[in-house]
Amino acid sequence: MFSVVKKASEYLANAGKVWQEFEVRDEQIQMLDSVEKALEQQDHLLVEAGTGVGKSMAYLIPAVLYALRNGKTVVISTETKALQNQLLEKDIPLVRKLLGREVVAEVAFGAANYVCKRKLDQVVQAGSFGIEMQEYLSDFYEWERNTETGIRYEYKGFASQDFWSKITREADNCLGRKCPNFSTSYYFLEKEKWKKAHILIVNHYLLCSHIAGEFKILPEFSQIILDEAHNFPSIVGRAFRMDVGLDDVKKLLQFLTSKDKKRPGVIEKLYSESIKEKLHKLATQAAEATEGYFAALTAALPLTFNALRVTEKLSLDEGKAEDALADLVLALASALKNYDKESENLDEKEIALELEMCTSRLEAFGKALHQFRVKEDKNLVFWVEPPSVQAKNQFYHISGQPMNPEEIIKNELFPKMESLIFTSATLSSGKNDFSFFKNNIGNVAIGELTLDSPFDYQKNSLVYLPKNIREPSVDNDGFHEDISKLIPMLLQLTEGSAFVLFTSNKSLKSVYETIGEKSQYPIFSQLHLGAEKARESFLQTENSVLFGVSTFWQGIDVKGDKLKSVILTKIPFQPPGEPVLEAKMAVLKEEQANPFRELQLPHAILTFKQGFGRLIRSKTDIGVVSILDPRIKTKFYGKQVLASLPPAKIVYSFKELKKEYANLPKY
C-alpha cells in the first residue's frame, strides 16, 4: 500500500528536475488541488481549464496518488484514441518519474478493435477474406503473429473495412471461456490487464457502451475523470441509439439461411432436416414481411434527401414484420435448446453461439420496428434517412435516440460513482456560466472551477472581423462569393499555414471549387481526402492549408509556425433540421421557452470556442483568427459569442490586420 501523504502539488513542484521544459503554472496548481480534494472527499467537479493550463498533469498526478493510496482503479475517459495514447506514452511516464513509483496504466478500447483469432481462422479457412486482401494477407498474418495486443490501430498495412468486420471481436459472437483460443485471446488478455491498472484510460464511446451494457464491460471503478468532456452528453445519446434498415435485416437473414458450401448459414449447420425446413420457411416469410414494412414506410413519407424526423404513429403493415420476426425468433430459440455452448464439441459450441446471436439481433430488430411504428416512448426521437449510394435497395433507414441523455447520466452514471470530474477548455457558454453543460449532465450538485489560459492572447494573437461580407442566406451564394475573395488574401498574409473551418460540406465544396485550384498554397480538403489523409498532408507540406468541417473544430493540436491562421467561416449553429435538436426545440416551445437562447446559441458558443482554440497551443504561438460571419457584428448574440473568447486584439480592416500582424512578436 502506498502510504506517503505528500500532497499532489508537492510532487508537481519538483517536475522541473525531471522535465527541463516544465514550468509550474498557478492555474495548474489550482486545478490539481481541486481534483485531489474532489477525489479524497468523494465529490463531483467541473473544471474549465483554458489552453495551456496543463490539465492532463493536473488530473493525472492526484488520480495516480489516489489510486495508489486506496488500492483502486481510477478511470480517465477521453474523446479520442490519439489522446488516450498521448496519456499512456507521454504523460504517464512523466508521472512515474515525478512520484518515483511504479504506476500501472492501461488503455482500453472497445471489443471491435481487437482481432478475434477464432474468426480470423474461420475467414481464412473459408477463403472469404475478400479478393482485395489476397496480396496483403501474408503481411497481415506476419503482423498478427508478432503483435502482443491484436489492436486494430497498431496495424499499419492495408486491410479493407470488410475484412476487419469479419475478423474483429463481437460481444454477442464470442465463446468466452469456452473458446479454444481463450487463453491467448487478445481481448481477454487485455481485460485481465485492465483489472490490475491504477489508471485505466478509456474513450467516451467505450465508457458509454459500458453504461449501456449495464456496467459489465470494464472492471469495477467508482472514480472517473472525463477529459474533453464537452461532447460527452451527446456521445451518451448516440450510445443508446437504435438503427435498422432493410439491408441490416436481410444481411442477418442471409447469415442464417446461406447455402454457400464454403460459408454455409447457421440453419444449414443444424442436425435436424425438419427444423432446417421450418426455419428456412420462417426466414423467407420474415424477409418478405420486412421488405413490405420498409416499402410501406417509403410510401407513407414524403421524399427526403436528408434526415427527416417522424413523430406520428404509422400503421405501415399493422405489425406483420414484427410478428414474422417474432415467429422466427421463437423457432430459433427452440432450436437452440438442442445445442450447448458448454459442449466439448466445437461445432456444437459454434452453432449454439450463432443461434443465440441471431436470436438476440433479430429480437432487437423487431423491437426497433415496433417502437418506430407505435411511437409510445416520448423520450425517443425517431427519424429516417435516405439510403446510401452503396445500398442494395432504395428504402429509408430508421434511427431512434433518447432525447434526454442527461437522464441517463443522472440516473445511471452518477449514482454508481463516488467522484465524477468533468474537464475541458470549453464547458461554459458565458463568463463562469456552466448552466448549459450542467443541464446536459442532469443538473446534479457539482463543484465548479474556471481557470483562464496562462497564454498572452492580447500580445500574441489577433481577431479579424472583416467588413462588407454579405450575411449567410438560404443559398449562401453571396456569402460564398464574398469569402472566396477574402480567403486567398488571408492565406497570402500568413503564407498558408492555415485552417479554414466550415460548418457544412456544401460550403466547403463551394469555396474549394472557387479557389482550390487557383491557390498559390497547397489546399487539402477534408471533403476530398478524408479527415486523416487531409491532416497528414497538411502536417507534411510546407505553407499548406487545410479545409475542414466539424472534425477540425476541436481536438487537433498544431503548435508553432505550422499554423498561424484559423479562419472561421460561420458561427457553428447546429442545423435546425437535426432530429434530436428539432425534438428538443419543440419541447422548449411548448414550455414557452426560447430554443435559440437555451439550446442553439450555447452549443454554438462551445463549438466556436473550440475552433478558436486551434490557434494558440503554446506560449510562443502567434497568429490571427478571422471570423468571416458578419452576424458576429450585426446580431444581438454577436457580443455574447465574442465575450466567450480569450482577450485578443480585434481589428476590422485588412489594412489594419496587415500592420498588426507584422507587429506580432517573433519567437
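Rings of Phe, Tyr and Trp (its six-membered ring) pair if their centres lie within 6.5 Å, and planes under 30 degrees apart count as stacked, over 60 as edge-to-face and the rest as tilted.

Before going on I noted that this is a predicted model, in which local features need pLDDT of at least 70 and side-chain atom pairs count only at pLDDT 80 or more, while totals for chains, interfaces and linings use all residues. Residues are numbered from 1 along each chain as its sequence is written, and side-chain values use heavy atoms, with hydrogens and water left out.

**Aromatic pairs**

In one of them, Phe414 and Phe422, the ring centres are 6.1 Å apart and the planes stand at 35°, so the pair is tilted. I looked up both residues and found Phe414 and Phe422 buried (buried means under 20% relative accessible area, exposed over 50%, and partly exposed in between, with a 1.4 Å probe and protein chains only).

Phe422 also pairs with Phe437, edge-to-face, at 5.7 Å centre to centre and with 70° between the planes. This pair links distant parts of the chain, since Phe422 is in strand 10 (residues 419–424) and Phe437 is in helix 18 (residues 435–440), 15 residues apart. Helices (H or I, at least four residues) and strands (E, at least two) are DSSP runs, numbered from the N terminus. Phe437 is buried, as is Phe422.

**A charge over two rings**

Which rings does the charged end of Lys375 sit over? I found the ring of Phe372, 3.9 Å from its centre, and the ring of Phe382, 5.6 Å from its centre. A charge sits over a ring if NZ of Lys or CZ of Arg is within 6 Å of the ring centre and within 35 degrees of the ring normal.

I then turned to helix 20 (residues 477–494) and helix 28 (residues 654–662), whose axes come within 11 Å and cross at roughly 15°. That makes helix 20 roughly parallel to helix 28. Axes are lines fitted to C-alpha atoms, for helices over the stretch in contact, with angles from 0 to 180 degrees between N-to-C directions; angles under 35 degrees count as roughly parallel, over 145 as roughly antiparallel, 65 to 115 as roughly perpendicular and the rest as oblique. Among the residues that meet are Met489 and Leu490 in helix 20, and Phe654 and Leu657 in helix 28.

Helix 15 (residues 320–336) and helix 16 (residues 346–374) pack at an angle of about 160°, with their axes 9 Å apart, and they are therefore roughly antiparallel to each other.

**Single residues**

Ser626 lies in strand 17 (residues 623–627) and is buried, with a relative accessible area of 0%. Leaving aside its neighbours within four places in sequence, I found Ser626 in contact (heavy atoms within 4.5 Å) with Tyr464, Leu490, Val566, Ile567 and Leu568.

Most residues other than glycine have a negative phi. Asn443, however, has a positive phi near 55°; Asn443 is found in the loop between helix 18 and strand 11 (447–451) and is partly exposed, with a relative accessible area of 48%. Gln592 also has a positive phi, near 65°; Gln592 lies in the loop between helix 24 (579–590) and helix 25 (595–612) and is exposed, with a relative accessible area of 71%.
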